[in-house]
Amino acid sequence: MSTPTRIRSGAMAFSEVPVIPCNDECLLRAGNTNCGGCGMSIGLTMLGRALAEAEDTCTLAIPACCGAVTAGAFPTTSYGVPTVCTTFAASPAVASGLAAIRDINGESGQVICWAGDGGTYDIGLATLSAAAERNENLIYICYDNEIYGNTGGQRSSATPHGARTTTTPGGKEERKKDILAIMAAHGIPYAATLSIAHPEDFRRKLLTAFGMSGMRFLLIHSPCPTGWKSEPADSVALVRMAVASGLFPLVEIFDGERYRVNVEPDFTDPAEYFARQRRFHDDEVDLEATRRTCRARHERLRFLAESFPA
Amino acid sequence: MPVEVVTGNHAAGYALSVAGEANRTARGAACGIYPITPQTEIVERIAAFPFTKGRVVAVESEHSAMGVSMGASLAGARAFTASSSNGLAYMVENIMTAGFYRLPIVMVAVNRTLGPPWNIWADQSDTLMLRDFPWIQLYCSDNQEVTDTTLLAFRLAEDHRVLLPVLVCMDAFIVSHTQGETDLPEQADVDRYLPDLDLPHRLTHDDPRTLGGLIWPDVTTSLRLETHEAMGRVPAVFEECRSAFQDVFGRDPGGMMDTLEVEDAEEILIASATVATTAAEVVKRARAEGRKVGLVKMRMFRPFPEEALRRACASARRVGVLDRDYAAGLGGVWWQDVRAAFQGHRDDVVIQDYLVGIGGGDVTPGLIEDVLEDLRGRERAGPPVWTGIATEKEVMV
Amino acid sequence: MVEIRIHGRGGQGGVTLAKLIATSRFLQGRSVQAFGLYAAERSGAPVQAFCRFDDEPITNRNLIYEPDHVVVLDPTLVALGITGGLKPGGWILLNTEESPASFAQEFRGHRVATVDATAIARGHGLGTRSVPIVNTALSGAVARILEIPLEEMLAGLAHLGFGGANVASATDAWNAVVTAEILAPPTEPSSDGARTPAPAFRGPSFVSGAGGDLPGIRTGQWASEQPGRQQYVPPCNDVCPAGNDVQGFLHALAEDRVDDGLEILLRTSPFPSVCGRVCPAPCMAECNRIQLDGAVNVRQLERLAGDEGKVELVPAEARPERVAVVGSGPAGLTAAYHLGLYGYGVTVYEAAPQVGGLLRSGIPDFRLPPEVLEREVDRIRSLDVEFITGSPVDRIRLLDLARAHDAVLVATGLQELRGLQLGVGGSDVVMQGIDFLDRVKRNEVTLNGEDVVVVGGGNTAMDAARSALRLGAATVRVVYRRTRTEMPAIEEEIVEALEEGVVIDFLTQPLSLEAEAQADGDGSVHGLRCRRMELGDPDATGRRRPVEIPGSDFDVRCTRVILALGQSPDLSVFPEGTEVREGEALLGLLETPLYAVGDLATNDGTVAAAIGSGRRAAMHIHQTLTGEVVPQGERTRVRSDVDQWNDEVIRSGALRMHLFERHPVDMGESIGMDRRATTFDEIHAGLPDAGEARRCLSCGVCNECDLCVTYCPEGVLKREGHRLVFDYAYCKGCGICVTECPRNVVFMSHL
């Protein structure tokens, strides 16, 4: 092979941005590229706090999703922990390898997959299912913003019925996949839903997960102002409404068979939740059916929690 | 361990396992495994190996097999896997990724025809489709070569001047399932040959970095150049690894390419894997008849050893490339690189492509003799010559 | 070829603007290009878009480095530099409410135009509040400055499917765009336009370079709004007549810092234990928590602070001036307390044998045990305040005091009792409530088996009625001219009186006491003739005036009448013709400044008001004697680290009530009903702990709940001690800290 001759590049050197030396230990550093009001940012910040509280640390495996973009341009990074951005479907597999080597070396620290709903519900589901079936010693966290946000807002199987995306211009006709039930069906030690609007419950579930081993699946309802076409400042308020109205139940499932309902919804009218997101259009959301679904689902969960308590 | 009669798959499974085991004094070993005909025996061997400090993860797909191996490698462990054909195609995204991550993973690939329709026999089109990724590719022609090349591959991959993954390839059934005497090295010797893996960019809390985030065009270019330079160092490092191999195991594992009777040869055949060893029989016979023919047996496809190839073919007037592969709309894959190697250096050589043994067709000495015959009569190169359909001579187009 | 570079923020529609311009030109037969510079930046990040059009086919596929014109979608981008490579004389079109002239100097050599596209877009409802979509408006402005006919631009809009509000926006902007005179370019040629070649670049190694540095993205530059911390006046602080920092002491109690809570109260009032028992607590009436689940029990919390807190008072260095205080009710004692703290020599002159005024004589023990008062008086005494009791001061003596002191303060309260002519009946039958309560305190009254009627609706009436019950009265009735709504007594006292068995006849006016034949013939039993009333039109105070109902007279059996009709000041101590004004020195009468404080001056009738009056007088005296300006600080303490101080009272409508959880009020323990009506022991046992303080919503004042910190997506909002620190270099201005602040402390301001 010949020695390469270098020809100077064009007029613009993209990479000539100032670099600030790393001097803090936080999980998500400021100066990242996430949108203002991003729910994933809040989730990461809360995850970082919980790790600090538990005097624990983590290695992140992030598939293609906004979370991978968050890192910023190589070699800089917005993550204060070792992080690998994997291919779209591969994060549970890569994390399995990381966790295996951690374990055979007797090392501490969590191995955490931080994935969007596209990587979780859709392209990565087989990989995730297999890692769950193997009960890999890792924590899988899906920040579910119900959309392919990284590509500009296309439907995923987490997109709720009625939501407009660029690939469901008339509102999605199908319902949202129940990923929690799917994951719990693997009989994994811990599966739980989290809301950033309930920080204490959020924190407790993370600490619970840190204290366990085997496959732990956490699902965060993660507002996306850009994809949801909502005010950034409303992010927390929206997911709070989702919990209150029963749209997003907060539950824990242990070993796939013992249930706990963490927050009793008051079945607040979800109308405001829909009205404050321009991805929903009045004539494309059946409010009555939504209320019925929420109540029925909650009754089922309550029955499970009462019949098979954690 | 004494010389045993085993299959190529057995040899590969053994070599991968003892190499992994050799890293038990460091961060251990792990791999993801997933079966595919004709590779299955390899992963069965790995699964059965009693690793002291290792984990074998039986995953749900080739994609994840490489995923697990990448994760293990990122954590600083010795990682490997094996696959074949459509399995490789399914794995492609992560194969590419392992290269971009600069992870010293070794993968044994059993070359099998890509489908559909389904065909389990030998054909190199599966691994050759990976030619543009940052992977070293080595092609073996027998069980011993598979064993030795696999061990050498780890040392080569893990050298800090290289840090690239390696594909070790063998022909389906002709090697993978063929019993032959094989010297399977002792663990103690393997331990001596393979130092503890020290991955400089492994993920660690001491130096938290992000691998695989975003990158600007100019940094991308810079990293591609870094990879290019690492590839450029491979031939020299390969020779060091070869020499160290001889020191430890007392035998030559073979070079990037091996030549036969090329010194004054007017016609030279270029071939790889089992086609090359069959061709050697033909070349020897032709030499006995006084014909000035030679053979270059290619083991290394990536990086493509251009200079060595030109040197080996210095005397040749005509070069026949035997491709057990097919690049649609073009012809043989090896042929392209051979032509490119001569381009601008010598334009007085006829470089003719012969597609042989496609889809696992048996490449007989007779066929190769026909090829030699055809080559000798050429004053200029023509389009690729297809063989293996009906009677060989009729289908030469 | 015309090349336009558009500077915007992610999400504002810069690429679409480029497309609109290109489309309008395409429809006129031009060759066009419109494209963005795509990278990872998200909503709010500075981004660029480009537009080219030419009469000839365009083959150049580069970015635009030397644009003919620049369009800036967001005025905050100007600071980041937008003129790089801009050709001399090129247009700079800015979306801003400011005039182009204000930019002409900065952009010498270029033509500047401005239009408030944000206002236009918002006006037409385009985009969200934080990210208005300004591109269609700006397309109109671009057309105007480039002399493209508006209809050609609108054709471009129509071609891309933009109608309605977008067309209106474009048209408005076409009309609204303003341009400035071009100024001569600066003499020194700017290096801005020169293309600097990129240095030869060799990037970091993947396998050996140390990673992990932060990206240098100053995301603060994305923000169009910035959060800050403000403070309002909580209604409790606003309304407290004593001027207490109610929110402040509740905050301390909520953190179980009882001593600190007491310290905050003692800054204004020497009587937390007293007020914690007898204050009508207007703070509770105004409490925003009423809208949720009931007012915070401030009165009982103040009592808890007063009873359980420990604070060592440290007066200022002793001063030579001496001040006389006449009267030792709450106003006089409060003035003495603050003057003592200022370091003055203070002497209090009290006519009665003990200090305390009405606190001593007029409030029954079951509401205010004497030892509680004694404790708080002792605290005042500890400031070396001298008390001279049994020492009445009249007009002559006041002149003596004035000569002997540097200031005199008169706080003699309301000494004139309102009477009611009821015809027959001597002083043994008709008593003044104040006298009655005083005699009760001295154990001089028994009412065994008597039928007592109390006239009035204030606290004295309730106190008298409840005392009468405890003294063995057979029946106790209160007659009041108006309804319960108008009763000035503390609501709790009314409730407790009724619970104990007091009967209240509302809308009842006593007329005369009628002697009545009694079975045993001693003639001591009386009937009180009363008349029914109804409420008529409101009077000057706003209360509805009671109007007699003719022919509604009836008799109430009674052996004793207690009048509790209120009091008025006795001004005879002052020189003839003195007009008493609260909080002002009565200058010119004497050489020494003379002050009238408390009920004497204000007739407010509450302990809290007297405390406030006494404190203001003390401050005024201090200011007069020293010339030192005493900060008022009346309504609440202003936190030193707020960015904005709002001098207005915050009501529940401005709070985010949905963020508060409901929690029932802690009423504390009371002694059982079986004992209530027979004992003068204190009814209330106080609160078990300060937990009730955590119900305080801390309206408009940061209480360090740190929800803003919890929810800040970027962690750029940190608490450092008591300070909230915003890292504006990185804050993207999403505003979650505002919407999640329950108490309206974090606010957003436009940059």
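1. Let's start with chain C: the centres of its domain 2 and domain 3, taken over C-alpha atoms, are separated by 31 Å. The division of chain C gives domain 1 (2–193), domain 2 (322–415 + 569–626) and domain 3 (416–566), with bounds that come from an automatic or database domain assignment. Domain 2 of chain C puts nine residues into the contact and domain 3 of chain C puts in ten residues; here, contact means that C-beta atoms, placed from the backbone, lie within 7 Å.

2. A word on what you are looking at: this is a predicted model, where local features need pLDDT of at least 70, side-chain atom pairs count only at pLDDT 80 or more, and totals for chains, interfaces and linings use all residues. Residues are numbered from 1 along each chain as its sequence is written, while chains are lettered from A and ligands numbered from 1 in the order in which they are written.

3. Chain C has an open sheet of five strands, E15-E23-E16-E17-E18, with parallel pairing. Strands (E, at least two residues) and helices (H or I, at least four) are DSSP runs numbered from the N terminus, and two strands pair if DSSP finds at least two bridges between them. At the edges are E15 (430–432) and E18 (503–505) of chain C, each pairing on one side only. On average, neighbouring strands in this sheet are turned by 25 degrees against each other, direction ignored; axes are lines fitted to C-alpha atoms, for helices over the stretch in contact, and angles run from 0 to 180 degrees between N-to-C directions. Three bridges link E17 (residues 475–479) of chain C with E18(C) in the parallel sense, and C:Val478 has C:Ile504 as its bridge partner.

4. Next, look at strand E6 (residues 111–115) of chain C. Four of its five residues are buried, so E6(C) is largely enclosed by the rest of the structure. Buried means 20 or more other C-beta atoms within 10 Å of a residue's own, exposed means 12 or fewer, and partly exposed is in between, with C-beta atoms placed from the backbone. Strand E5 (residues 91–95) of chain C runs parallel to E6(C), joined by five bridges, and C:Ile92 stands opposite C:Val112. With E7 (residues 178–179) of chain C, E6(C) pairs in the antiparallel sense over two bridges; C:Thr114 has C:Val178 as its partner there.

5. Over in chain B, helix H8 (residues 217–249) deserves a look. Its 33 residues should span 48 Å at 1.5 Å a residue, and the end C-alpha atoms are 46 Å apart, which agrees; the expected span is 1.5 Å times one less than the number of residues. H8(B) has a kink of about 40 degrees centred on B:Pro235, the bend being the angle between axes fitted to the seven residues ending there and the seven starting there. Its buried residues include B:Val219, B:Leu223, B:Phe238 and B:Phe249. Among the elements covering them are strand E6 (136–139), helix H6 (143–158) and helix H7 (187–193) of chain B. Just after H8(B), B:Gly250 takes a positive phi of about 75 degrees.

6. Chain B also has an open sheet of six strands in the order E10-E12-E11-E14-E15-E16, with mixed pairing. E10 (257–260) and E16 (385–386) of chain B stand at the edges with a single partner strand each, so one side of each has no neighbour in the sheet. E14 (residues 318–323) and E15 (residues 350–355) of chain B pair in the parallel sense over six bridges, with B:Val319 opposite B:Ile351. Helix H11 (residues 333–342) of chain B packs on this sheet, touching E11 (267–272), E14 and E15 of chain B, and its direction makes about 150 degrees with that of E14(B).

7. How do chains A and B meet? Here 43 residues of chain A are in contact with 48 residues of chain B. Helix H2 (66–70), strand E3 (83–85), helix H3 (91–104) and helix H5 (125–133) of chain A each supply at least two residues to chain A's side, and H3(A) gives the most, with ten residues.

8. Finally, some backbone details to check. Most residues other than glycine have a negative phi, and most peptide bonds are trans. A cis peptide bond joins A:Phe74 and A:Pro75, with omega about 5 degrees; A:Pro75 is in the loop between H2 and E3 of chain A. B:Ser85 has a positive phi, near 50 degrees, and is buried, with 27 other C-beta atoms within 10 Å.

Conventions. Two residues are in contact if their C-beta atoms, placed from the backbone, lie within 7 Å.
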